[in-house]
Amino acid sequence: MRPNRSVGIVGWGAYVPKYRITSKELARAWGKDWKKYAARILVEEKSVPGIDEDTFTIAYEAAKNAIRRARVDPSEIKAVFVGTESKPYAVKPTATMLAEALMIGGEERLTLGADFEFACKAGSEAMQAVIGLVGSRMIDYGLAVGADTAQGAPGDALEYTASAGGAAFVIGTEDKSVARIVGTCSYVTDTPDFWRRQLAKYPSHTSGFTGKPAYFTHIINASKKLMEEMGTSPKDYDYVVFHQPNGKFPLKVAKMLGFTEEQVKPGLITPFIGNTYSASSMIGLAAVLDIAKPGETILVTSFGSGAGSDSFHIEVSDRIEEVRNCVPRVIDFIKKKVYVDYAIYSRNRRMIIMPAGIGDY
Amino acid sequence: MWAYRLNIPSHWRLLSERYRLAGGYCENCGHKMFPKQKICPKCGSEKIKPVELPRRGKVITYTIVQTPPRGFEYYTPYILAIIELEDGTRVFGQLTDIEPSEIQEGMEVEMTIRKVRVSGESGAIAYAYKFRPLE
């Protein structure tokens with residue numbers, strides 16, 4: 001898919017909470033042998049939201065950074081979409097809170113606003129929607145955010161990776177952009193690999209089923225089709241970013257598609273902060289933009305359970321050097337960390353149920 | 001059973017203050033205030049217009065809350081501080097992303113938005129400004 005007029009990323013921003021818990025500590029809490037149970041997924045530690053953080057506060061931080069890099073007046077942004085599977089409210093948009101906090105749409109708030117859900121690809125789905133609006137000349141600038149405080153049931157395998165973080169992209173016309181989004185491709189099927197029912201606190205998943213029929217099939221199909229449409233092959237890309245449910249899958253799918261580890265590693269962030277769900281591939285893209293040089297090309301393919309993938313062909317432009325260092329980079333967030341044990345983690349994640357009437361948190 | 005319930009109309013009216021640190025500016029004497037007031041505390045003028053205040057400042061003084069009011073048990077211990085913003089306006093607020101052992105007078109801080117209170121499992125969430133150490 002290509003927009004009618006050329007569009008690009010005008011500004012990008014990320015945010016990761018500063019708290020971390022190691023996978024060894026998670027294994028200790030549940031009496032598991034870390035080497036047998038957790039070491040092979042290549043996630044050493046994961047981010048943990050502060051006790052007063054949630055998807056809105058994370059989206060706010062990431063969006064604020066993206067708008068600063070974009071050097072666009074928030075009143076010019078006419079769409080704000082938040083992709084997440086951990087909305088603070090089941091019914092009440094996070095996007096409107098973001099518009100209010102950042103004055104998106106100006107004093108009159110003349111802006112579209114909506115929350116998107118598609119498991120871990122809700123953020124890239126929000127990007128697709130903004131690309132369509134800008135590309136069709138309905139708006140000049142839109143904001144797409146992927147943010148989550150990911151859920152993983154206590155003791156479940158997902159608990160070793162489900163983390164918190166966000167990334168945001170201001171998308172606008174090509175002439176103002178730091179990276180042109182040349183083409184995209186989306187692919188979906190009805191694949192029940194992972195879900196969370198209404199009112200359920202934690203998601204369910206079908207263990208081994210999450211790999212081949214879900215993650216690998218969708219990423220491979222979307223990426224291959226995009227490269228076919230673009231007339232490119234893996235060697236034409238300087239960087240490739242895939243959804244990162246763990247540290248292992250992106251390396252494996254890269255190999256299956258013919259990419260090298262050198263192309264993957266700059267955008268492989270999950271080993272240091274865990275799987276930020278809707279933000280996962282978007283933080284990877286943000287990390288690549290933090291270092292990419294004008295003229296370099298990036299392939300990004302997200303994955304969301306249920307299931308689907310969005311794939312993007314991106315070309316970096318000269319303007320990137322002007323705005324790169326005006327806000328913290330992904331590496332700055334990775335380095336800024338404070339370790340917590342399982343007790344503090346449980347408290348921050350509100351896994352401890354307080355007596356009725358006390359600590360309505 | 002007692003349960004905290006957010007006063008929605010009041011919270012909604014104060015969103016610009018709570019999300020964007022909107023204070024007041026006296027057109028008569030130039031004094032800035034937070035929160036915005038109807039009458040300037042310096043000169044008595046009623047010519048007060050809203051103004052967004054700087055997001056950065058330093059801790060002037062603080063207290064560590066060990067025995068919280070109901071609804072804040074989850075956050076204890078937490079720090080309340082008076083922050084002097086870059087333009088000299090003083091703001092009272094909560095600090096976040098900091099341990100009580102780390103707080104110091106003069107510490108540089110910046111504004112962020114965080115959850116302040118949550119009305120149980122089904123009520124509204126009060127988000128507002130807090131300050132965190134500037135690194």
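Visitor: Which residues point one way from strand 6 of chain A and which the other way, and are they buried or exposed?

Guide: Welcome! This is a predicted model. From strand 6 of chain A, Tyr141(A), Leu143(A), Val145(A), Ala147(A) and Thr149(A) point one way. Gly142(A), Ala144(A), Gly146(A) and Asp148(A) point the other way, and every residue in both sets is buried.

Visitor: What makes a residue count as buried?

Guide: A residue is called buried because 20 or more other C-beta atoms lie within 10 Å of its own. Nine of the nine residues of strand 6 (residues 141–149) of chain A are buried, so this strand is largely enclosed by the rest of the structure.

Visitor: What makes strand 4 and strand 6 of chain A a pair, and in which sense do they run?

Guide: Two strands pair if there are at least two bridges between them. Strand 4 (residues 77–83) and strand 6 of chain A have five bridges and run in the parallel sense, and therefore they meet that cut-off. In strand 6, the bridge partner of Phe81(A) is Ala144(A).

Visitor: How many bridges join strand 6 to strand 7 of chain A, and is the pairing parallel or antiparallel?

Guide: Nine bridges join strand 6 to strand 7 (residues 164–173) of chain A, in the antiparallel sense. Tyr141(A) has Gly172(A) as its bridge partner in strand 7.

Visitor: What makes helix 4 of chain A mostly covered?

Guide: Seven of the nine residues in helix 4 (residues 94–102) of chain A are buried: Thr94(A), Ala95(A), Met97(A), Leu98(A), Ala99(A), Ala101(A) and Leu102(A). Within chain A, these buried residues pack against helix 3 (55–70), strand 4 and strand 5 (112–116). From chain B, helix 2 (15–20) and strand 7 (108–118) pack against them too. Just after helix 4 of chain A, Met103(A) takes a positive phi of about 60°.

Visitor: What does the rest of chain B look like in terms of helices and strands?

Guide: Chain B has two helices and eight strands, in the pattern α-α-β-β-β-β-β-β-β-β along the sequence. Its C-alpha atoms fill a box of roughly 50 × 35 × 20 Å along the principal axes. Of its 135 residues, 30% are buried.

Visitor: How do you know what confidence the predictor has in chain B and in the complex?

Guide: The mean pLDDT of chain B is 93, with 97% of its residues at 70 or more. For the complex, the predictor gives an ipTM of 0.95 and a pTM of 0.97.

Note on methods: Residues numbered from 1 in each chain as written. Chains lettered and ligands numbered in written order. Predicted model: local features only at pLDDT ≥ 70, side-chain atom pairs only at ≥ 80, totals over all residues. pLDDT = per-residue confidence, 0-100. Buried ≥ 20, exposed ≤ 12 C-beta atoms within 10 Å, placed from the backbone. Helix = DSSP H or I, 4+ residues; strand = E, 2+ residues; numbered from the N terminus. Contact = placed C-beta atoms within 7 Å.
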